[in-house]
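Colleague: I would like to learn how to read helix packing in a model. Can you take me through some cases?

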Amino acid sequence: MAPHPVVELTSEASWNLIEDKFSPYGKETLARLVHFLRDEILPSVKLAHAQVPKDPVQRWKTVIPVIEELKVKARKLGLWNLFLSKTHYPEHGVPLTNVEYAVMAEILGRGGHIASEALNCSAPDTGNMEVLARYGSPEQQKKWLVPLLNGEIRSAFSMTERFVSSSDARNIKTSIKREGDEIVINGHKWWISGAGDPRTKVHLVMGKSDPDNVNPYMQQSVAIVPADAPGVKVIRPMEVFGYDDAPEGHCEIIYENVRVPLSNLVLGWGRGFEIIQGRLGPGRIHHCMRSIGAASHALDLMIQRVTDPARKTFGKFLYQHGTVIAEIARSRAEIESARLLVLSAALQIDKQRAKGALKEIGIAKFVVPQMACGVVDRAMQAYGAEGLSQDQELASMYAGLRTLRLADVHIQQVGQRELKRAPGLHKRAAELKQKESAVLSKAGIKSHL
């Protein structure tokens with residue numbers, strides 16, 4: 001029997017490890033996705049970038065035509081909303097596990113954000129749809145979730161703030177207060193992904209609703225804010241190494257006396273932390289697997305470059321110089337290791353949801369972006385100056401991956417979680433010492449420890 005087509009884009013060993021965890025539907029969907037990536041998405045990437053106007057005003061008013069065409073094709077093929085598991089969201093999801101979608105996310109990572117958007121699987125919409133599917137009221141789901149699921153609108157998640165260290169969400173200063181039958185929002189946010197898109201119709205805004213609560217994790221709430229609500233002011237798009245990622249963008253926004261109905265509160269007062277933890281778990285895995293896909297694509301580009309006869313220097317292929325072969329091997333080893341790490345986290349989410357997989361998610365979240373940046377950096381080095389230019393995709397790929405190293409701070413949390421094991425380790429060490437002493441004593445040997 002012929003191997004599954006995913007093997008050519010990942011690895012035979014990792015596929016053999018998880019193949020038995022795929023349903024027949026999962027295998028078939030994955031095969032369709034691989035073919036769709038090769039036949040439709042990858043040939044359209046350059047066209048999609050070319051269809052974004054250079055004009056600084058028009059580029060933020062543009063809906064990229066080829067992506068809309070790809071969306072129609074993807075939906076007809078059943079490649080739609082693949083991130084939303086029916087296990088956790090029976091009414092809205094598809095019959096895929098997190099492990100199954102994790103592999104698909106890696107494949108999508110080879111096509112950049114264009115691939116994910118074509119399948120209605122791009123951030124921040126994925127996380128927002130999960131929030132609304134899991135925590136939204138029937139009214140909220142009808143008004144906002146259904147159009148998002150249909151790909152009719154886009155959305156933004158508004159949490160990070162300009163003048164505080166938002167890696168600690170307890171520092172958020174945006175005010176969310178109740179006044180009668182309304183919620184009033186005042187705050188200054190930035191790096192709000194998706195806020196520049198003309199299709200974005202809704203923001204999910206996190207802010208302080210009870211700043212004096214003795215429990216710092218019960219001070220925050222999340223409110224639904226229409227993008228065109230009076231007082232919502234998009235100040236400017238932020239740039240990452242000069243890239244503005246139009247038309248979606250990552251924007252600075254001021255919410256000034258924005259008023260929305262009380263019914264726009266998500267889940268309840270003081271439930272903000274609960275919401276963001278539920279939202280970010282699966283999303284972190286999606287980002288990690290897409291990053292692995294991007295790294296794999298970068299390695300492929302590197303190998304093509306160093307084996308290109310037209311790029312010989314001093315009579316040798318580039319791979320015959322210096323440490324190029326070792327760098328290729330290092331990239332491959334790091335990609336394979338990272339993939340197994342993330343797949344284990346995805347499996348843990350399937351078994352215990354995101355809260356039960358915090359350790360695995362945390363490790364993946366700081367290991368994978370660093371790995372991917374290293375792989376892309378090696379590929380850029382092989383391309384020389386061209387690798388840093390707009391003529392290759394590596395520079396923009398690096399910029400996107402580098403932001404993921406800032407998006408979440410997990411290394412301290414993982415370390416603190418490990419330190420909590422210390423009492424148990426000391427206890428087991430003491431028990432082992434007693435057993436060792438007993439064994440030595442029985443043998444007539446005096447212990448000096």
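This is a predicted model: local features need pLDDT of at least 70, side-chain atom pairs count only at pLDDT 80 or more; totals for chains, interfaces and linings use all residues.

Colleague: At what angle do the axes of helix α2 and helix α4 cross?

Modeller: Helix α2 spans residues 24-41 and helix α4 spans residues 65-76; their axes cross at roughly 150 degrees and come within 12 Å. Because angles over 145 degrees count as roughly antiparallel, α2 is roughly antiparallel to α4. The crossing of α2 and α4 is right-handed.

Colleague: Which residues make that contact?

Modeller: From α2 they are F36, E40 and I41, and from α4 they are L70, K73 and A74. Sorted by class, the contact of α2 with α4 has 4 nonpolar and 2 charged residues, with no polar ones.

Colleague: Is the crossing of α7 and α8 left-handed or right-handed?

Modeller: The crossing of α7 and α8 is left-handed. Here α7 covers residues 125-135 and α8 covers residues 138-149, with axes that come within 10 Å and cross at roughly 145 degrees.

Colleague: What are the contact residues of α7 and α8?

Modeller: On α7 the contact uses D125, M129, L132, A133 and Y135, and on α8 it uses Q140, Q141, W144, L145, L148 and L149. The classes are 8 nonpolar, 2 polar and 1 charged.

Colleague: Which residues does UniProt list for the domain?

Modeller: An unreviewed UniProt entry lists residues 156-258 as "domain: Acyl-CoA oxidase/dehydrogenase middle". In the model, residues 156-258 are 0% helix and 50% strand. The end C-alpha atoms of that stretch are 16 Å apart.

Conventions:
Residues are numbered from 1 along each chain as its sequence is written. Side-chain values use heavy atoms; hydrogens and water are left out. Axes are lines fitted to C-alpha atoms, for helices over the stretch in contact, and angles run from 0 to 180 degrees between N-to-C directions. Helices (H or I, at least four residues) and strands (E, at least two) are DSSP runs, numbered from the N terminus. Angles under 35 degrees count as roughly parallel, over 145 as roughly antiparallel, 65 to 115 as roughly perpendicular and the rest as oblique. A crossing is left-handed if the near helix is turned anticlockwise from the far one by less than a right angle, and right-handed if clockwise. Contact means heavy atoms within 4.5 Å. Ala, Val, Leu, Ile, Met, Phe, Trp, Tyr, Cys and Pro count as nonpolar, Asp, Glu, Lys and Arg as charged, and the others, Gly among them, as polar. UniProt positions are given in the numbering used here, feature names are shortened, and annotations may be inferred rather than shown by experiment.
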